[in-house]
Amino acid sequence: MLEIRTADWDSDREHLRAIRDAVFIREQGVDPAIEWDDQEDAAQHFLVLQDGVPVGTGRILSAGKIGRMAILPELRGTGLGLRLLQSICTFARGNGLPKVYLHAQRHAEAFYRKAGFVPVGEEFEEAGIAHIRMERTLA
């Protein structure tokens, strides 16, 4: 059974950190010093659970920036990432945000395009990885 729910940084921190540690720090080599930032407490986090097991996460900041989207490697390509992104956008729309944006890793640009995001601006580097800013207007 699939569940995508809002998560609280204080009570769900262990699950959120485990997923991000596996994906960003161990798999992608992101420096732990930049993975964990001063936005954790202020962000609205989301947790994806498959049969009660945490397998994905993402967050949104009050200004509409979506980030820290991660699905464990063995479940990529199953549609969980898209469902997570749709849940975050629905949350944003419900909270009155007219637009959301994110910094997409270039290899994931097609995934975000499929979800209605469009690239804006030039490629840039973040955490040693090529990114592009992408935006989506919420109906």
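Predicted model: local features only at pLDDT ≥ 70, side-chain atom pairs only at ≥ 80, totals over all residues.
Residues are numbered from 1 along each chain as its sequence is written, and side-chain values use heavy atoms, with hydrogens and water left out.

The chain has four helices and seven strands, where helices (H or I, at least four residues) and strands (E, at least two) are DSSP runs numbered from the N terminus. Read along the sequence, these elements follow the pattern β-α-α-β-β-β-α-β-α-β-β. The C-alpha atoms fill a box of roughly 35 × 35 × 30 Å, taken along the principal axes. For 139 residues, a compact globule would have a radius of gyration near 14 Å, and the chain agrees with this, having 14 Å; the radius is taken over C-alpha atoms, and the globule rule is 2.2 Å times the number of residues to the power 0.38. Of the 139 residues, 43% are buried, a term that means under 20% relative accessible area, with exposed meaning over 50% and partly exposed lying in between (1.4 Å probe, protein chains only). Among the contacts with a separation of 6 or more, 58% are between residues 24 or more positions apart, a contact being heavy atoms within 4.5 Å.

Strand S4 (residues 65-71) runs parallel to S5 and is joined to it by two bridges; two strands count as paired if DSSP finds at least two bridges between them. Within this pairing, Ile 66 has Leu 102 of S5 as its bridge partner. Together with helix H3 (residues 80-94), S4 and S5 make a right-handed β-α-β unit, right-handed meaning that, with the strands pointing away from the viewer, the path from the first strand over the helix to the second runs clockwise.

S5 also pairs with strand S7 (residues 129-137), here in the antiparallel sense and over seven bridges, and His 103 stands opposite Arg 133 in S7. S7 in turn pairs with strand S6 (residues 118-126), antiparallel and over six bridges, and in this pairing Val 120 has Arg 133 as its bridge partner. The hairpin of S6 and S7 has two residues between the strands, and Ala 127 takes a positive phi near 55° there.

The largest nonpolar core has 39 residues, of which Ile 60, Ile 66, Leu 85, Val 100, Leu 102, Tyr 112 and Phe 117 touch the most other members. Such a core is a set of buried Ala, Val, Leu, Ile, Met, Phe, Trp, Tyr and Cys residues joined through side-chain atoms within 4.5 Å. Helix H1 (9-27) gives the most to this core, with seven residues. Leaving aside neighbours within four places in sequence, Leu 102 is in contact with Ile 66, Leu 85, Tyr 112, Phe 117, Ile 132, Arg 133 and Met 134.

Helix H1 also holds Asp 12, which is buried, with a relative accessible area of 8%. Beyond its neighbours within four places in sequence, Asp 12 is in contact with Arg 5, Ala 7 and Leu 47. Although Asp 12 and Leu 47 are 35 residues apart along the chain, their C-alpha atoms are separated by 8.4 Å.
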